[in-house]
Amino acid sequence: MRGHGTYIENDQLLSSTAGVVEKVNKLITVRPLKTRYNGEVGDVVVARVIEVQQKRWKVEMAARLSGVLLLSSVNLPGGELRRKSAEDELLMQQYLSEGDLISAEVQSVFSDGALSLHTRSLKYGKLGQGTLVLVSPSLVKRCKTHFHNLPCGVQVILGNNGYIWVSALPSEEGTKFVQSLEAVPQATREAIARVRNCIVALAQHHVVLFDTSVVYAYEVSLEHKVSTLLKPEIMKEVADLTKQRLAQET
């Protein structure tokens, strides 16, 4: 069956765009490599707050329209579940302000295509110290979980919208409105930088991003210094070796 991004010519199913082939039973679709993010309910996203409005935050996440995070859709500091009051509305700027990065889940899609987010689970919330990598949304594989604690002591959040957050492993559970400003150890910073460079290398060579591909790329990259991983020939080597290991698995 032909889906989006395909057409039939001379009884053959051909692609009308360069992208990633996806198969669901007999339905075949092609997701373009360069595209804006089209959100679905349940997607995990990393977004940036761009405006504080009345009872809501406006967020940017590489979609056609800005998304919203309602005050009623967040867990307040302390984790208590109660109705939000006028006092909470006045303190919104303290919870999240312009420029803050958050991890969230798509709660609903409005009729115009805009997305409504929520951070009610304890794993979502404000992001602290780390680095953000921007890739095409089509390269992020949809998985059961998008929060991955890698063996090298780094946490990676693979946002379905192509925003990938790389940081140290979270030290404690709880609502994430209070940021830890403790110094990150040198070894952890190097691991974060290495993972970040590996993700950039995989994205440039159109390798699908999920926990296994990132771990393989990290292991392959250990032969090189972190600073040399951004050289074109080394990026290609890391991507090619990762592709080979993934092909051997399948």
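The centres of domain 1 and domain 2, taken over C-alpha atoms, lie 34 Å apart. The model is a predicted one. Its chain is divided into three parts. Domain 1 spans residues 1-33, domain 2 spans 34-127 and domain 3 spans 128-249.

Domain 1 contains Gly3, placed in the segment before β1 (6-9). Gly3 counts as buried because its relative accessibility is 13%, under the 20% cut-off. Leaving aside neighbours within four places in sequence, Gly3 is in contact with Leu27, Ile28 and Thr29. Lys23 is 20 residues from Gly3 in sequence. In space, the C-alpha atoms of Gly3 and Lys23 are 9.5 Å apart.

In domain 2, Ser116 is part of strand β9, which covers residues 115-119. Ser116 has a relative accessibility of 3% and therefore counts as buried. Its contacts, leaving aside neighbours within four places in sequence, include Val68. Ser116 also touches Glu105, Val106, Gln107, Ser108 and Phe110.

Domain 3 covers residues 128-249. An unreviewed UniProt entry carries the annotation "domain: K Homology" for residues 130-168. Over residues 130-168, the chain is 49% strand and 0% helix. The end C-alpha atoms of this stretch are 7 Å apart.

The buried residues are Ser213, Val214, Val215, Tyr216, Ala217, Tyr218, Val220 and Ser221. Which helices are included in what covers them? Both α3 (186-204) and α5 (232-249) are part of that cover.

These two helices also pack against each other. The axes of α3 and α5 are 9 Å apart, at an angle of about 80°. That angle makes α3 roughly perpendicular to α5. By class, the contact between α3 and α5 has 5 nonpolar residues, 2 polar residues and no charged residues. On the α3 side, the residues are Val200, Ala201, Leu202 and Gln204. They meet Met235, Ala239 and Thr242 in α5.

Note on methods:
Residues are numbered from 1 along each chain as its sequence is written. This is a predicted model: local features need pLDDT of at least 70, side-chain atom pairs count only at pLDDT 80 or more; totals for chains, interfaces and linings use all residues. Side-chain values use heavy atoms; hydrogens and water are left out. Domain bounds come from an automatic or database domain assignment. UniProt positions are given in the numbering used here, feature names are shortened, and annotations may be inferred rather than shown by experiment. Helices (H or I, at least four residues) and strands (E, at least two) are DSSP runs, numbered from the N terminus. Buried means under 20% relative accessible area, exposed over 50%, partly exposed in between (1.4 Å probe, protein chains only). Contact means heavy atoms within 4.5 Å. Axes are lines fitted to C-alpha atoms, for helices over the stretch in contact, and angles run from 0 to 180 degrees between N-to-C directions. Angles under 35 degrees count as roughly parallel, over 145 as roughly antiparallel, 65 to 115 as roughly perpendicular and the rest as oblique. Ala, Val, Leu, Ile, Met, Phe, Trp, Tyr, Cys and Pro count as nonpolar, Asp, Glu, Lys and Arg as charged, and the others, Gly among them, as polar.
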